[in-house]
Amino acid sequence: MSGQKLLIEMLNNHEYVESANLLLINRQWLNDSKIAFTPGALYEDSVFSIDCFMKCEKMLHLNAGIYQYRVRENSIMTAKHSFSQLKWRIWQFSEVQKRI
């Protein structure tokens with residue numbers, strides 16, 4: 001199934017998570033596709049993940065609990081919100097919107 005079709009399916013099933021560490025990616029495909037994280041960006045997982053879904057011609061989703069998320073104190077996801085974080089969230093939404 002194409003990445004775009006899989007993305008729609010996962011969104012409809014409430015299974016999509018914008019976390020790059022949940023993707024197993026063929027290195028050669030990643031190098032050939034020229035998808036990369038934006039240096040210095042916060043919340044870059046969402047842009048990276050969308051790029052992968054939009055460009056990949058063949059993807060598979062395994063709905064299995066094979067990853068255990070560890071919550072760290074004062075991480076980007078648990079720290080108090082700041083104006084800098086807000087600016088990066090707006091950037092993230094803007095970049096994802098461009099890609100879909």
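Here is a friendly conversation about the predicted model shown above.

Biologist: Before we start, what are the ground rules for this model?

Modeller: The model is predicted, so local features need pLDDT of at least 70 and side-chain atom pairs count only at pLDDT 80 or more, while totals for chains, interfaces and linings use all residues. Residues are numbered from 1 along each chain as its sequence is written, and side-chain values use heavy atoms, with hydrogens and water left out.

Biologist: Happy with that. What makes up the secondary structure of the protein chain?

Modeller: The chain has four helices and zero strands, in the order α-α-α-α. Helices here are DSSP runs of H or I with at least four residues, strands are runs of E with at least two, and numbering starts at the N terminus. The C-alpha atoms fill a box of roughly 40 × 30 × 25 Å along the principal axes.

Biologist: Why is Ser49 called buried?

Modeller: Buried means under 20% relative accessible area, exposed means over 50%, and partly exposed is in between, with a 1.4 Å probe and protein chains only. Ser49 has 1% relative accessibility, so Ser49 counts as buried. This residue lies in helix α3. Leaving aside neighbours within four places in sequence, Ser49 is in contact (heavy atoms within 4.5 Å) with Tyr16, Glu18, Ser19, Ala20 and Leu23. Across the protein chain, 26% of the 100 residues count as buried.

Biologist: How do you know that the buried residues of α1 line one face of the helix?

Modeller: The buried residues in α1 are Gly3, Leu6, Leu7 and Met10. Seen down the axis of α1, they fall within an arc of 105 degrees, so they line one face. That arc is taken from the directions from the helix axis to the C-beta atoms. On the face turned away from the buried side sit the exposed residues Lys5, Ile8 and Asn12. Helix α3 is included in what covers the buried residues of α1.

Biologist: What makes a set of residues a nonpolar core?

Modeller: The members must be buried Ala, Val, Leu, Ile, Met, Phe, Trp, Tyr or Cys residues, joined through side-chain atoms within 4.5 Å. The largest such core has ten residues in all: Leu6, Leu7, Met10, Tyr16, Val47, Ile50, Phe53, Cys56, Met59 and Val96. The elements giving two or more residues to this core are α1 and α3 (44–55). Setting aside neighbours within four places in sequence, one of its members, Met10, touches Glu15, Tyr16, Phe53 and His61.

Biologist: Why is Glu15 called partly exposed?

Modeller: Glu15 has 24% relative accessibility, and the in-between class starts where buried ends, at 20%. Therefore Glu15 counts as partly exposed. Glu15 sits in the loop between α1 and α2, and beyond neighbours within four places in sequence it is in contact with Met10, His61 and Asn63.

Biologist: How do you know that Arg99 and Asp51 form a salt bridge?

Modeller: The rule asks for a side-chain nitrogen of Lys or Arg within 4 Å of a carboxyl oxygen of Asp or Glu. For Arg99 and Asp51 the N to O distance is 2.4 Å, so the pair is a salt bridge by that rule. The pair links distant parts of the chain, with Arg99 in helix α4 and Asp51 in helix α3, 48 residues apart. Asp51 is buried at 11% relative accessibility, while Arg99 is partly exposed at 28%.

Biologist: What is linked in the network of salt bridges?

Modeller: The network links Asp51, Glu95, Lys98 and Arg99. Glu95 bridges to Lys98, with the closest N and O atoms 2.8 Å apart, and to Arg99 at 2.7 Å. Glu95 and Lys98 are three residues apart in helix α4, so about one helical turn separates them. Glu95 is buried at 13%, whereas Lys98 is exposed at 58%. By the same rule the count comes to four salt bridges.

Biologist: Last one: what makes the nonpolar surface patch a patch?

Modeller: Patch residues have over 30% relative accessible area and no salt bridge; like charges are joined within 9 Å, and nonpolar side chains (Val, Leu, Ile, Met, Phe, Trp, Tyr) within 5 Å. Val17, Leu22, Leu62, Ile66, Tyr67, Tyr69 and Val71 make this one, of about 790 Å², with areas from the Shrake-Rupley method using a 1.4 Å probe and, for residues, only the protein chains shown as cover.
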